[in-house]
Amino acid sequence: MTATDENAQETPSPRKGGGWRESVLLTASGVVVAVLLHLFVIGSFWIPSESMENTLLRGDRVIVNKLSGTPERGDVVVFKGWDGTDWIKRVIGVPGDTVKCCDAKRRILVNGVPLDEDYLYPGDYPSGEEFEVKVPPGRLWVMGDHRTASADSRAHQEDRFHGTIPIDSVVGRAFAIYWPLSRVGLLSRPETFEKVP
């Protein structure tokens with residue numbers, strides 16, 4: 001047997017259809033990963049109204065982190081709302097907080113600390129109605145950034161939970177705008193909430 005014959009025996013012949021099978025397997029794996037990410041990690045939400053202007057405009061699309069953990073004050077969250085559909089609002093109060101409107105300067109108070117809400121719609125005011133709510137365990141007080149155009153916790157105070165929503169209803173935290181391209185950017189937690197005890 002010559003060296004050429006030995007080399008021919010050691011080199012495996014290419015399998016027929018191997019490339020096609022690998023392509024199908026990689027594509028299927030990619031689809032499965034994308035579906036799992038969408039179901040359990042990352043979601044997308046379309047802004048249907050002006051209730052979060054100017055932070056979010058009607059027609060914006062945001063990326064939602066479904067594994068963001070327990071919502072904190074200042075987070076913009078997507079949740080199953082009072083009518084069973086997806087809503088998006090800002091968390092103002094967490095369990096145990098007392099949220100009140102308003103002080104002498106018409107600012108919202110959380111645990112007695114006034115919020116300087118520079119994210120509010122220009123010319124809008126923190127609330128047109130007075131209220132004081134202690135947020136029950138396992139629940140959140142949420143408000144839109146365009147207060148005069150937002151049906152938020154204030155509009156549902158007659159229910160037995162005084163307008164608060166269950167933490168379990170939160171789908172995730174919106175952390176970035178990805179569409180339209182002219183508005184791409186991150187949604188950060190406002191500094192004003194850092195001073196609330």
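**Rings and charges**

Author: Both Phe79 and Trp87 are buried (under 20% relative accessible area; exposed is over 50%, partly exposed in between, with a 1.4 Å probe and protein chains only). The model is predicted, so local features need pLDDT of at least 70 and side-chain atom pairs pLDDT 80 or more, while totals for chains, interfaces and linings use all residues. Residues are numbered from 1 along each chain as its sequence is written, and side-chain values use heavy atoms, leaving out hydrogens and water.

Phe79, Trp82 and Trp87 make up one aromatic cluster. Rings of Phe, Tyr and Trp (its six-membered ring) pair if their centres lie within 6.5 Å; planes under 30 degrees apart are stacked, over 60 edge-to-face, the rest tilted. The whole structure has five such pairs. One of them, Phe79 with Trp82, is edge-to-face, at 5.8 Å centre to centre and 90 degrees between the planes. Phe79 has a relative accessible area of 0%, whereas Trp82, at 25%, is partly exposed. Phe79 and Trp87 have ring centres 6.4 Å apart and planes at 35 degrees, so this pair is tilted.

Now the charges. A salt bridge puts a side-chain nitrogen of Lys or Arg within 4 Å of a carboxyl oxygen of Asp or Glu; the count is 13. In one of these, Asp97 meets Arg73 at 2.7 Å, N to O. Both of these residues, Asp97 and Arg73, are buried. Arg154 and Asp152 form another salt bridge, at 2.8 Å, and both Arg154 and Asp152 are buried. Salt bridges with shared partners also join Asp103, Arg107, Asp116 and Lys195 into one network.
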